[in-house]
Amino acid sequence: MDETHIPRHQRISRLPKFLFGAPYYPEHWDEETRKDDPERMAAAGVNVVRMAEFAWDLMEPRRGEFDFALFDETIARLGSRGIDTILCTPTATPPAWLTAGHQDWMRVHADDRRMAHGSRQHCCTTNPEFRAESERITDAMARHFAGNPHVIGWQTDNELFCHIAECHCAACTAGFRNWLKDKYQTVGELNRAWGTQFWAQTYDNFEQIGIPYEERPTYPNPGQHLDYMRYMSVALCEFQRGQVKILRAAQPRWWITHNGLFSYVDYWEFAKDLDFLGVDVYPAFSVTEPRKYPSASLSNETARAASGTYIVPEQQGGSGGQRPYLLETPRPGQMRLWAYQSIAHGADGILHFRWRTCRYGAEICWYGILEHDNVPRRRYAEFSQEGAELQRIGGKILGTALQAQAAVLVSCEQDDAHATMPFGLPSPGWQRHFAYTEMLARHWPAGLVDASDSFDGLQWLLIPSFVLMDEGLAAKLRKFVEEGGTLVATARTATRDKNNQVIAQTPPGLLAGLLGVTVEEFGKLDKPLLTIERPGGEAIPVGAVYEILRPRGAETLAGWSAAADGCPHAASGEPAVTLNRVGKGMAIYVGTYISEENAHALFDLLPGHDGVTPLAKADSLVEVTCRHAEDHKLYFVLNHGTGEATVRELPAGIDLISGSACSGSVTLPPFGVAIVEQK
Amino acid sequence: MDETHIPRHQRISRLPKFLFGAPYYPEHWDEETRKDDPERMAAAGVNVVRMAEFAWDLMEPRRGEFDFALFDETIARLGSRGIDTILCTPTATPPAWLTAGHQDWMRVHADDRRMAHGSRQHCCTTNPEFRAESERITDAMARHFAGNPHVIGWQTDNELFCHIAECHCAACTAGFRNWLKDKYQTVGELNRAWGTQFWAQTYDNFEQIGIPYEERPTYPNPGQHLDYMRYMSVALCEFQRGQVKILRAAQPRWWITHNGLFSYVDYWEFAKDLDFLGVDVYPAFSVTEPRKYPSASLSNETARAASGTYIVPEQQGGSGGQRPYLLETPRPGQMRLWAYQSIAHGADGILHFRWRTCRYGAEICWYGILEHDNVPRRRYAEFSQEGAELQRIGGKILGTALQAQAAVLVSCEQDDAHATMPFGLPSPGWQRHFAYTEMLARHWPAGLVDASDSFDGLQWLLIPSFVLMDEGLAAKLRKFVEEGGTLVATARTATRDKNNQVIAQTPPGLLAGLLGVTVEEFGKLDKPLLTIERPGGEAIPVGAVYEILRPRGAETLAGWSAAADGCPHAASGEPAVTLNRVGKGMAIYVGTYISEENAHALFDLLPGHDGVTPLAKADSLVEVTCRHAEDHKLYFVLNHGTGEATVRELPAGIDLISGSACSGSVTLPPFGVAIVEQK
Amino acid sequence: MDETHIPRHQRISRLPKFLFGAPYYPEHWDEETRKDDPERMAAAGVNVVRMAEFAWDLMEPRRGEFDFALFDETIARLGSRGIDTILCTPTATPPAWLTAGHQDWMRVHADDRRMAHGSRQHCCTTNPEFRAESERITDAMARHFAGNPHVIGWQTDNELFCHIAECHCAACTAGFRNWLKDKYQTVGELNRAWGTQFWAQTYDNFEQIGIPYEERPTYPNPGQHLDYMRYMSVALCEFQRGQVKILRAAQPRWWITHNGLFSYVDYWEFAKDLDFLGVDVYPAFSVTEPRKYPSASLSNETARAASGTYIVPEQQGGSGGQRPYLLETPRPGQMRLWAYQSIAHGADGILHFRWRTCRYGAEICWYGILEHDNVPRRRYAEFSQEGAELQRIGGKILGTALQAQAAVLVSCEQDDAHATMPFGLPSPGWQRHFAYTEMLARHWPAGLVDASDSFDGLQWLLIPSFVLMDEGLAAKLRKFVEEGGTLVATARTATRDKNNQVIAQTPPGLLAGLLGVTVEEFGKLDKPLLTIERPGGEAIPVGAVYEILRPRGAETLAGWSAAADGCPHAASGEPAVTLNRVGKGMAIYVGTYISEENAHALFDLLPGHDGVTPLAKADSLVEVTCRHAEDHKLYFVLNHGTGEATVRELPAGIDLISGSACSGSVTLPPFGVAIVEQK
């Protein structure tokens with residue numbers, strides 16, 4: 001598949017059908033309860049289920065004795081109704097007989113607590129013996145199901161790093177040391193990279209090096225910390241790769257995915273071993289009121305940035321909860337609205353979690369499509385509506401991609417770097433959130449783009465405080481600007497090198513030339529003492545920090561105000577936002593962070609919008625995206641508000657949901673959805 | 001004693017005198033300081049002290065060398081003034097020489113920290129070696145004091161589970177496994193009960209099973225968790241039973257009690273080994289303002305529900321505090337008011353903690369009747385007033401019992417079940433609190449009744465979200481209604497079976513027939529989006545959750561409102577409260593929780609009050625209860641308010657406190673008390 | 001040096017020059033970056049740097065192989081520009097090769113976590129093997145630098161107990177037991193002192209005794225706890241003493257200091273091994289708004305109370321931050337203002353932390369005089385201004401001392417005693433803070449004085465709730481009053497003995513005669529129910545507790561109000577503040593705590609101010625102190641406010657900063673400083 005010429009975030013699916021269904025756990029139910037499932041699923045439009053991710057104990061009740069009968073039978077019964085199966089490697093929950101006596105396989109928390117059998121994800125994915133077991137069960141499943149025509153793809157493990165990522169077990173320590181040896185070759189090189197002269201941390205050999213602790217007794221070395229975060233992701237990829245190789249060898253037609261997304265995993269790298277990524281989307285965790293809907297958009301965009309096309313192996317069904325919490329119950333239409341929200345950002349498959357609510361175990365309050373009593377009610381009706389719609393229009397969605405004109409850059413390494421040294425300041429993720437929210441409010445064709453991806457097609461690119469900078473990225477950004485793009489960088493960008501050391505140059509270091517500016521002083525503001533004074537406009541709130549800029553070729557777009565208390569402040573009257581014209585484009589530097597309070601006014605201030613064409617005109621609670629193929633465009637119009645909303649300046653076309661013609665305007669009820677096809 | 005025919009909560013005391021006194025620690029004081037104690041006690045009306053619960057080191061300074069001289073002498077001196085002694089087994093604080101070298105006897109916290117000598121309750125009451133030591137010292141004391149005429153009874157240990165209940169030591173793990181073997185016989189049965197198919201937790205043998213952790217790394221199995229909670233209580237009962245058997249064998253005339261009440265102990269079972277329960281009552285922990293007075297009433301009612309008659313081995317004296325806190329100092333009259341509050345709910349003995357404030361150790365700020373300097377001041381005066389009053393009227397109190405017409409059902413198992421899966425929702429205890437508070441505000445003859453007790457005599461019974469239900473309780477409840485009772489069940493009642501699994505039937509499962517209703521949808525509400533619309537009345541606030549009801553024979557008493565934001569909500573207009581007439585009674589289902597905000601309006605909505613006759617008419621800060629024997633009734637009237645209060649519609653009689661005649665009305669000063677005897 | 005006749009807090013420096021400079025880390029920088037440092041330092045007026053406190057790995061890269069070349073060269077280069085060097089023992093950060101394999105050297109947290117190589121202060125300073133290593137490197141450095149004329153003094157280690165003080169390692173446990181044996185000789189004596197009869201804690205031998213835990217499972221013995229706190233300080237002094245002896249032996253002309261101040265160190269004792277103390281002053285940690293400026297004054301006064309003259313080895317430069325936080329950036333003038341604030345309280349040397357901001361390691365956001373890019377900017381300019389000023393006036397400052405007329409008494413043991421049993425009540429430190437702040441607001445010549453110091457020269461002395469009292473201190477206080485001083489003691493003073501046991505006498509025990517009062521009742525108030533009624537004045541807010549006083553010779557200055565809710569309160573109308581005239585002086589007892597809310601009104605109420613002459617008249621945001629020698633006085637006038645401030649009633653003289661004559665009044669800009677010399 002030669003897709004290398006197009007940006008990864010624009011990749012399209014090669015799935016033969018738009019997937020619709022649910023995770024399914026036949027092992028939780030007796031024959032009587034299960035018997036109507038295939039028919040009910042088929043009636044609702046289901047064409048796929050996901051199975052077996054927690055069924056190792058059933059499939060291998062004793063070492064080497066495999067029993068796939070339940071799944072064989074279930075796959076066959078579903079297959080006979082046109083429903084395919086995605087299987088999972090069951091390695092998040094090894095059986096008790098396997099781990100008994102293997103305390104050393106258990107993850108070790110930073111506070112020394114060793115995990116235990118009794119929930120999930122307790123085994124360390126770095127441990128070589130556990131990896132061997134993971135590959136043994138994967139191999140057994142792969143061989144068994146290789147010939148089954150209804151098995152179309154696989155999910156590796158389940159939500160890796162969902163509960164616990166950091167691990168201090170002996171295998172992780174050894175693995176980290178080996179990785180460091182490979183990376184640095186000599187301990188002297190490592191000492192230089194980490195700056196171990198500070199606090200006399202110099203190492204004589206790799207065996208002295210441990211996994212950093214955040215408080216033993218105080219702050220760890222940031223170079224060591226960042227390397228450990230990198231290693232966590234690398235080791236996880238190795239674990240997954242061991243399974244992927246076996247699956248690919250067993251049956252080349254299978255595609256392979258995984259259901260993320262969690263911290264400390266570099267999904268750009270992780271996805272290289274997969275056909276496409278999966279992302280589990282539970283909007284109720286963060287969307288506690290309509291205006292917070294972009295949280296779920298960002299989950300989807302994060303998958304798209306890493307993978308282009310992706311699926312949602314778990315899209316929220318009903319209310320969800322675990323031991324300590326219970327999320328607010330979705331209202332009529334919200335489950336379906338959120339599913340379309342995922343599709344609007346690029347999902348090519350939706351599996352609503354879960355088919356039937358489990359009657360025992362830790363998730364008795366994760367409400368599925370059916371309830372504990374197996375009676376279809378309003379969620380089944382809503383699910384069926386979705387299923388029917390997607391049966392009708394799924395084919396038009398498949399093969400389309402989003403094309404962002406404006407984007408926010410993402411990078412796992414930048415998030416990690418912030419996490420090593422947060423200083424109580426907003427993270428790149430936090431700025432990403434508010435910047436992207438503002439783009440959605442403006443109905444821009446916008447998205448997230450990974451720093452490793454191609455920038456082709458982008459007009460306006462925001463880098464939210466990427467502290468780490470290297471020559472490769474700097475050159476890509478320069479090229480982007482020279483060719484006509486507008487680049488916006490916020491405070492602290494390019495202040496450290498890849499070793500997480502502060503650069504010796506005046507910031508923004510490798511970008512100082514492109515941005516035509518240097519930072520004379522960086523400072524923290526705890527009180528709203530300063531604002532950015534916009535010529536002729538209202539004051540723009542500061543985002544936690546100020547930077548005093550020295551234009552070196554750039555022009556000043558806005559400056560810092562006098563201090564509110566009338567007493568001298570170092571930043572008063574100094575430049576705060578600058579613009580440098582380079583080649584055909586513009587490079588803008590903003591000497592503060594993007595925040596919820598300042599995003600709107602800052603965007604108003606910044607030029608370069610003319611390269612970005614809004615998709616429609618609507619209230620900020622209406623989300624509009626566009627997926628397109630060569631021959632048609634689909635405008636997804638989603639009303640997240642609790643009141644009716646009218647959307648204008650859409651293209652003429654047909655609303656695929658209602659079947660009505662759209663002449664540029666649609667009116668949606670609360671939680672309503674339209675998909676306007678423009679040909 | 002054949003009391004089996006009357007409900008346990010109505011049992012009366014067989015004590016020969018109403019007990020009044022204090023815990024007393026002669027081992028903390030020199031001879032000079034102690035010398036006036038017997039006289040001062042006698043002058044204050046003391047007829048009993050409690051001793052020796054922390055004096056193991058004194059009584060057995062070296063293994064096998066016993067020295068009871070101080071207690072022999074003290075008991076004799078007190079006895080000569082008419083003051084009896086309650087002795088305690090000293091097993092909360094084993095001596096250093098005993099536990100040195102026995103690290104494995106120490107309790108282990110869920111975070112792996114092993115307890116240590118230096119405070120109290122550090123030894124695990126499950127450990128067989130420590131149990132043997134506990135029985136050895138009990139036996140030595142029992143033999144020594146068996147012939148002492150002034151020793152009238154015993155308290156086992158001290159406040160078991162006050163500081164720490166859960167324990168992860170090897171003995172607890174082994175004990176839990178053995179208990180599981182007894183309960184389930186086969187591991188297959190255990191697997192079914194716990195639903196171990198979920199997350200592949202299936203066990204092959206009992207040796208693989210551990211005590212669940214709440215976070216290693218994530219949520220435990222709720223069946224395992226509930227069984228562990230049950231086991232904690234069972235093991236504690238075993239520990240106590242070992243002592244009780246020895247004491248009973250040594251001297252049959254001794255009665256035996258214990259001072260609770262703490263979480264995870266099923267006092268209904270625990271009390272079976274005792275003659276009656278004790279409850280330590282420290283109102284200042286929760287009664288931080290007058291309107292919170294029912295907290296202390298509930299402590300007492302919890303003891304009464306488990307035991308009928310009970311005593312208060314520790315009733316708050318002065319201000320109390322430990323290392324991290326100091327409670328607000330009681331005002332003049334409050335110490336006495338709170339003592340009468342205990343008596344009003346059934347206590348047949350009051351010992352004010354403690355005789356004299358200790359000058360060293362962890363409790364230097366638990367203020368007793370006398371202060372560190374041994375000078376009698378206002379607390380001694382107030383104590384003496386109480387003593388004099390109780391000398392006069394104690395005989396009339398003994399032999400009386402309360403008779404609740406309205407009750408809230410309690411069950412340790414239901415509290416435990418909630419604790420396994422709280423979901424951030426109000427507990428049965430929380431609802432109990434607000435429902436009982438509302439009953440007190442209405443001056444109902446009301447109380448708590450254990451689910452295992454007889455419901456004879458009750459007219460109106462509230463079950464606060466008893467998630468667990470079995471056929472036995474369901475049958476009892478049906479009988480209660482059929483015979484004319486009014487039953488009120490709140491949301492989530494009868495949704496799980498005794499294994500803590502969600503039932504396969506539509507809720508309320510085993511009660512659906514009785515209540516004439518099923519729950520169509522359960523949901524969580526984070527915002528006050530809905531209310532219960534009461535026909536012709538004000539809206540009733542929702543208590544965290546909503547349930548959409550489907551009457552199946554019941555009539556609808558009230559329905560859910562339209563959503564406050566005007567956008568469709570699943571519950572809008574659906575039934576919220578239903579009433580089913582069954583036999584001579586009524587079964588009411590409330591599709592939400594009782595909360596502080598909605599209790600009053602909900603009670604107004606619910607029928608069946610006509611079976612409940614208020615005891616008086618008064619402000620809600622006045623508490624009124626009635627204790628009665630065949631030949632007389634005692635109306636306890638307690639003014640918890642800081643202003644004067646007039647109480648009306650009392651029976652005519654004599655106020656035993658003031659000696660004045662009462663013709664139906666009394667006026668009380670702040671913190672004032674009246675006891676109106678009606679013959 | 002016979003300074004024994006003057007109070008320690010009035011001691012003057014014997015340094016030959018006022019020190020000005022910065023901590024300097026040549027080991028962090030390459031030759032190119034370092035090359036301009038000597039010249040830039042000299043240009044800024046630097047005359048001293050501090051070096052090597054974290055450079056053990058560099059100085060001894062392998063056991064026994066020492067390499068001091070970098071420091072030899074740097075000291076020489078700086079020396080040639082007139083810049084001297086303070087060296088440090090590098091024992092806060094032992095090299096990895098040294099501690100590898102010595103897990104038992106690592107400190108153990110109260111939660112059992114063992115510290116690790118990777119940050120600093122991970123090794124236990126009690127461990128005898130680590131102490132031997134500490135003395136070995138100290139000896140090697142001392143021998144090497146003994147003949148270097150530019151090395152003028154030493155700092156031991158670095159900020160001992162900054163991150164972690166308590167330690168549960170085997171060496172600490174053994175050391176604690178040995179110290180107890182020395183102190184008590186017999187275990188019986190220890191049992192009596194600790195009151196081990198409480199909770200049966202009696203020990204049979206010292207080997208049974210451990211370091212107390214705050215929660216295993218509940219509250220520790222307060223006698224044991226206080227002794228352990230004492231031991232922590234003793235053991236730390238021993239560790240330091242081992243280094244000091246070696247340094248003194250190697251070169252008698254060296255002076256030795258250390259940079260504190262942290263909890264659990266008795267600096268009065270600790271300083272006995274030093275020539276003078278150092279205190280690290282970072283005002284931005286607490287001075288988040290101008291009115292909080294006294295926090296930094298208190299840091300300085302704490303050093304002065306323990307040491308008289310002292311230096312500031314680390315005075316805040318730029319903004320500071322570590323992993324979890326970043327302090328607000330100082331505004332123009334604040335860095336210099338804060339430096340003068342230290343000098344105003346007695347500092348005879350200021351080293352701004354740090355010369356150049358480090359580019360790696362945990363402190364990349366502790367901003368020094370120069371930034372990461374080595375470019376001098378506003379901090380260098382402000383630093384140079386300070387340097388030039390101090391070159392000019394430093395000679396006049398050296399040799400002066402402060403003379404407090406009013407003081408607040410401090411004592412590590414009292415702080416410790418509170419920490420053993422805080423009861424959620426304000427600490428002596430908290431009261432110290434608000435009382436001293438009030439003294440500064442009144443522009444009194446005031447300070448802190450250690451309880452072990454002489455009280456000569458004091459007129460007005462406040463004891464903030466010194467719970468511990470012994471006959472020695474009681475006698476000193478009586479003498480102070482008899483000779484004409486005014487003594488003010490607040491609630492709970494003199495309620496315990498030195499074993500942390502509550503006294504048998506009525507409080508204030510040993511001070512009852514002097515104060516002419518006893519405490520009838522102590523109580524806690526959670527709500528503002530009472531106030532202190534000042535005759536003819538406004539009500540004074542209560543500070544958390546009330547005490548009902550019984551004058552025994554004293555007169556009543558103010559009484560408790562009636563309760564705000566109209567209901568009887570034990571304290572209503574009772575005496576709250578009393579005054580006893582003894583000899584030529586007055587002894588005042590205040591039956592509550594000093595708080596932020598009541599300090600001003602309480603001070604207005606209390607007599608004895610006439611012995612205290614304010615230094616000037618000014619707004620409360622202006623700080624005024626006076627340092628004087630026999631022949632001149634220096635009035636330090638510091639404007640902490642953000643507006644201009646005029647100060648009146650100063651003496652006539654010359655403002656050494658501006659060179660202008662002052663005729664009793666100066667006007668200062670925001671953050672402005674004047675030093676008025678009166679001859």
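**Strand pairing, helix packing and chain symmetry**

In chain A, strand 27 (residues 652-655) and strand 28 pair in the antiparallel sense, over 3 bridges. Within this pairing, Gly653(A) stands opposite Cys662(A) of strand 28 of chain A. The model is a predicted one.

The two strands belong to an open sheet. This sheet of chain A has 6 strands, in the order 12-24-25-30-27-28, and its pairing is antiparallel. Its edges are formed by strand 12 (401-402) and strand 28 (661-663) of chain A. Each of these edge strands pairs on one side only.

Helix packing was examined in chain B. Two packed helices are described by the angle between their axes and the distance between the axes. The axes of helix 6 (residues 128-145) and helix 9 (residues 222-250) of chain B come within 9 Å. They cross at roughly 20 degrees. Angles under 35 degrees count as roughly parallel, so helix 6 and helix 9 of chain B are roughly parallel to each other. The crossing of helix 6 of chain B past helix 9 of chain B is right-handed. From helix 6 of chain B, the contact takes Arg131(B), Ser134(B), Glu135(B), Thr138(B), Asp139(B), Ala142(B) and Arg143(B). Facing them in helix 9 of chain B are Phe239(B), Gly242(B), Gln243(B), Ile246(B), Leu247(B) and Ala250(B). By class, the residues of this contact of helix 6 with helix 9 of chain B are 5 nonpolar, 4 polar and 4 charged.

The contact between chains A and C involves 46 residues from chain A and 52 residues from chain C. On the chain A side, helix 9 (222-250) and strand 17 (517-524) of chain A each supply at least two residues. Strand 17 of chain A gives the most to this side, with 4 residues. The side of chain A that touches chain C comprises 21 nonpolar, 16 polar and 9 charged residues.

The copies were then compared by superposition. Chain B can be laid on chain A by a turn of 120 degrees and a shift of 0.0 Å along the axis, with an RMSD of 0.0 Å. That is the relation of a three-fold axis. For chain A laid on chain C, the turn is 120 degrees, the shift along the axis 0.0 Å and the RMSD 0.0 Å.

Terms used. Residues numbered from 1 in each chain as written. Chains lettered and ligands numbered in written order. Predicted model: local features only at pLDDT ≥ 70, side-chain atom pairs only at ≥ 80, totals over all residues. Contact = placed C-beta atoms within 7 Å. Nonpolar A, V, L, I, M, F, W, Y, C, P; charged D, E, K, R; others polar. Least-squares fit on C-alpha atoms with pLDDT ≥ 70 in both. Pairing = 2+ DSSP bridges. Axes fitted to C-alpha atoms, helices over the stretch in contact; angles between N-to-C directions. Parallel < 35°, antiparallel > 145°, perpendicular 65-115°, else oblique. Left-handed = near helix turned anticlockwise from the far one by under 90°.
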